[in-house]
Amino acid sequence: MSATEQMDPARAEVARVMSICNACRYCEGHCAVFPAMERRLDFAAADVDYLANLCHNCGACYHHCQYADPHEFDVNVPKAMAAVRTETYADFAWPSLFKPAFRRGGAVAAAALAVGCTAFLVGLSALSAGYGAAHANAFYGVMPHDAMAGVFGIAAIFAFLALAIGVLRCWRSFGLPSPARSDVMGAIHDAFTLRYLDGGSGDGCTYPDERPSQTRRVMHHLTFYGFLACFAATSVGTVFHYGLSWEAPYGYLSLPKLLGVPGGVMLTIGTAGLLWLGSKADERPKDQTAFAMNRAFLILLFLTAVTGLGLMVVKTTIWVGPALAIHLGVVMAFFLTAPYGKFVHGFYRIIALIAHHLERRNGVA
């Protein structure tokens with residue numbers, strides 16, 4: 001029995017497609033996948049997982065492929081790679097009992113979790129005598145800081161642990177030796193600039209249709225850097241509270257607000273843009289399971305940003321209690337689902353990019 005025959009159907013399809021692409025090599029300038037493919041004569045499961053996570057799903061290779069449907073070879077690299085990426089997310093997941101969350105798309109689970117967490121927090125907040133009243137110190141008048149930090153501290157520790165174990169499993173699966181500093185820095189540069197969403201020509205990826213465009217790249221940047229700004233705002237607020245004894249709420253000219261407000265706006269625009277592009281995307285190179293998981297992740301990020309911005313607007317009104325409960329419910333849902341959704345792709349893609357730089361430097365054949 002061949003190595004391909006021993007693989008699951010998704011990985012066997014990538015191995016089949018890569019064998020055809022390796023003979024053709026028309027797309028070798030499109031992205032990092034094809035040079036990495038050319039270093040291999042055959043494709044074991046670990047190779048397939050690596051290539052799938054190296055793929056940025058730009059779609060250019062599908063629209064340029066002479067062997068795509070209706071050709072009998074039916075080469076569809078983006079769809080095949082997306083299916084395997086979902087499998088790797090599940091395989092690396094910890095605890096393992098949460099593996100099915102990846103394969104079921106996540107939209108219903110994420111929505112149910114958001115509703116459940118919101119209901120819990122509404123009930124908790126309702127215990128406050130002033131739940132339906134305005135408060136001089138905004139949302140901390142509804143839920144004390146220590147209670148809020150305790151609840152989310154537990155969720156954050158769990159999410160961090162699950163992500164860390166997943167990253168370790170991914171690293172071991174790819175069989176990486178110790179990389180050089182240049183490998184790591186090159187991978188981070190490629191990831192933070194979205195180098196491989198340029199379609200190989202610099203004109204952008206063929207998404208949502210076959211016309212090259214930079215729109216997806218811009219929306220992805222807004223989402224990513226908006227999220228980083230919000231995370232930085234929370235981190236600075238933590239330092240202010242515990243390190244400097246400066247208690248929230250902070251003014252609009254404070255560093256947490258100067259980071260958080262623009263970050264929230266960027267995150268709102270970016271996620272809304274990506275959801276809109278996804279709704280218009282060509283169905284042919286799309287794996288439905290991966291697409292549903294991606295959509296659930298974007299919806300949670302969008303709701304996190306919108307409810308956070310909305311909370312700032314009503315923080316001195318009688319609506320602060322319900323607004324706080326809704327926002328914290330969505331954030332809790334994001335924390336708990338982050339290790340079991342599209343959030344993990346950023347970590348695994350950086351590992352794949354590190355492997356690509358390492359192979360290129362070492363001249364791996």
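Me: What counts as a helix here, and where is M148 placed?
Reply: Helices are DSSP runs of H or I with at least four residues, numbered from the N terminus. M148 belongs to helix α8, residues 145–174. This is a predicted model, where local features need pLDDT of at least 70, side-chain atom pairs count only at pLDDT 80 or more, and totals for chains, interfaces and linings use all residues. Residues are numbered from 1 along each chain as its sequence is written, and side-chain values use heavy atoms, without hydrogens and water.

Me: Is M148 buried or exposed?
Reply: Buried means under 20% relative accessible area, exposed over 50%, and partly exposed in between, with a 1.4 Å probe and protein chains only. M148 counts as buried because its relative accessibility is 12%.

Me: Happy to move on to T88: which helix holds T88, and is T88 buried or exposed?
Reply: Helix α5, residues 77–92, holds T88. With 0% relative accessibility, T88 is buried.

Me: Which residues is T88 in contact with, leaving aside neighbours within four places in sequence?
Reply: Contact means heavy atoms within 4.5 Å. With those neighbours set aside, R11, D49 and N53 are in contact with T88.

Me: What does the side chain of T88 reach at 2.7 Å?
Reply: The backbone oxygen of R85 lies 2.7 Å from the T88 side chain.

Me: Finally, where does L228 lie, and how accessible is L228?
Reply: L228 sits in helix α10, residues 215–243. The label for L228 is partly exposed, because its relative accessibility is 32%.

Methods. Helix = DSSP H or I, 4+ residues; strand = E, 2+ residues; numbered from the N terminus. Polar contact = N/O pair within 3.5 Å; in protein donor to acceptor, adjacent residues only side chain to side chain.
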